[in-house]
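Please open the structure in the viewer and keep the selection tool at hand. The tour begins with a single residue and then widens to the whole chain.

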Amino acid sequence: MTTPPSFDAVVLGAGAAGLLCAASAGQRGRRVLLVDHNRAAGAKILISGGGRCNFTNLGTAPDRFLSANRHFAKSALSRYTPADFLALVERHGIAWHEKTLGQLFCDGSARQIVAMLHDECARGGVELALGTPIGAVEHGDGLFRVTLDGRTVAAPSLVIATGGPSIPKLGASGFAYDLARRFGLKVIEPRPALVPLTLGADETLFRTLSGVAAPVIASAGKARFAEAALFTHRGLSGPAILQVSSYWRHGERIGVDFVPGRAPGWLRGAKRANPRATLRSTLARELPERLAETLADRLALGGELANLRDQALAEAEAALADWHFHPNGTEGFAKAEVTVGGISTAELSSQTMAAKRVPGLYAIGEAVDVTGWLGGYNFQWAWASGWAAAQAL
């Protein structure tokens, strides 16, 4: 005897993507069950943006996302835009402001975004099962059967929205990947992204600068980001470093331009303008004093500029504009804001987020191999991918 469907769709994971997907599908008349093992929905939403939720970015474009298929995100992002989510925010009367680089934040609290999504789910008649461990997940006879805390529910559609393993203290895990593999879907190796980098013993001098920050241009491969870098007791952090961490691979170096905007020849010009100055004092006019002191010590050019050869100053300029660090690792998923990698986009429809080989199965949000830059891009992917799947449920 076949199990009658309990719902039209079961959405696993009540994070950003799962909440918006469930609400959108419910408002399309679908009977939706939204499940999460956490007792409260939107755990990552609540801690984002310093508690104010950087909920989208006006500069959203496909080239600001990493994926094995750089074209995959185009469809969803073009059909549910930052303007669409902003309209929802304003409809709920949530005050917001724009910070640098197109980042939009709540004036108040990230709790307003979670409350808004709860309200949208209620409007769609979504049934919530929070604080509910997910047991067996099986598929047969055109139905997915999910065991939840002793009961089994069935639905013709199942949405994987349980995210990646970043920030495990919030309950994050690799559950999405295990489930995807169970259904025969390929998973691109997950690794921490938007994460601080650690430095080894040969660069311990820089770890003594813990707490010092400066505007830089950081680079990894062809990726370059002009934002602040922060020295930590373990290595490097700050927005510029978090950005390049998504592109960095173990064993590679990163470059840091400590004097962005300075043209070649600037130190030689400083020598002519103020020959009795030292390299340390000259750098201290550009950078925090402790950082200037450390860099000057590393460059080992003591004495007055007047006594330094132009060639030596030219080499110092080049070093300061592309200072090489060789991270020995990252601070891992515990400190990573998101995950690079995940369920392969080759397995999914870019239009609907549906699995090509498993009818009725969908994957959205961070669980998928699409990762945005720092600054609201990953939330916009969550909204867009969740909305795209909802239109197909």
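In which strand is Asp257 found? Select residues 254–257 in this predicted model. These residues form strand 17, and Asp257 belongs to that strand.

Now select Val259. The backbone nitrogen of Val259 lies 2.9 Å from a polar atom of the Asp257 side chain.

Which residues beyond four places in sequence are in contact with Asp257? Select Val216 and Ile217, and then Leu320, Ala321 and Asp322; each of these is in contact with Asp257.

Finally, select the whole protein chain and colour it by secondary structure. The chain contains 13 helices and 22 strands, and its C-alpha trace spans about 90 × 40 × 35 Å along the principal axes. Of its 393 residues, 53% are buried. Among contacts with a separation of 6 or more, 72% join residues 24 or more positions apart.

Switch to a surface view to end the tour. The chain exposes about 16400 Å², of which carbon and sulfur atoms supply 51%. Colouring by charge shows 40 positive and 34 negative side chains, and the centres of these two sets lie 2 Å apart.

Note on methods: Residues numbered from 1 in each chain as written. Predicted model: local features only at pLDDT ≥ 70, side-chain atom pairs only at ≥ 80, totals over all residues. Heavy atoms only, no water. Helix = DSSP H or I, 4+ residues; strand = E, 2+ residues; numbered from the N terminus. Polar contact = N/O pair within 3.5 Å; in protein donor to acceptor, adjacent residues only side chain to side chain. Contact = heavy atoms within 4.5 Å. Buried < 20%, exposed > 50% of the residue type's maximum accessible area, 1.4 Å probe, protein only. Areas by Shrake-Rupley, 256 points an atom, 1.4 Å probe, with all protein chains shown as cover. Lys, Arg positive; Asp, Glu negative; His and termini not counted. Charge placed at Lys NZ, Arg CZ, Asp CG, Glu CD.
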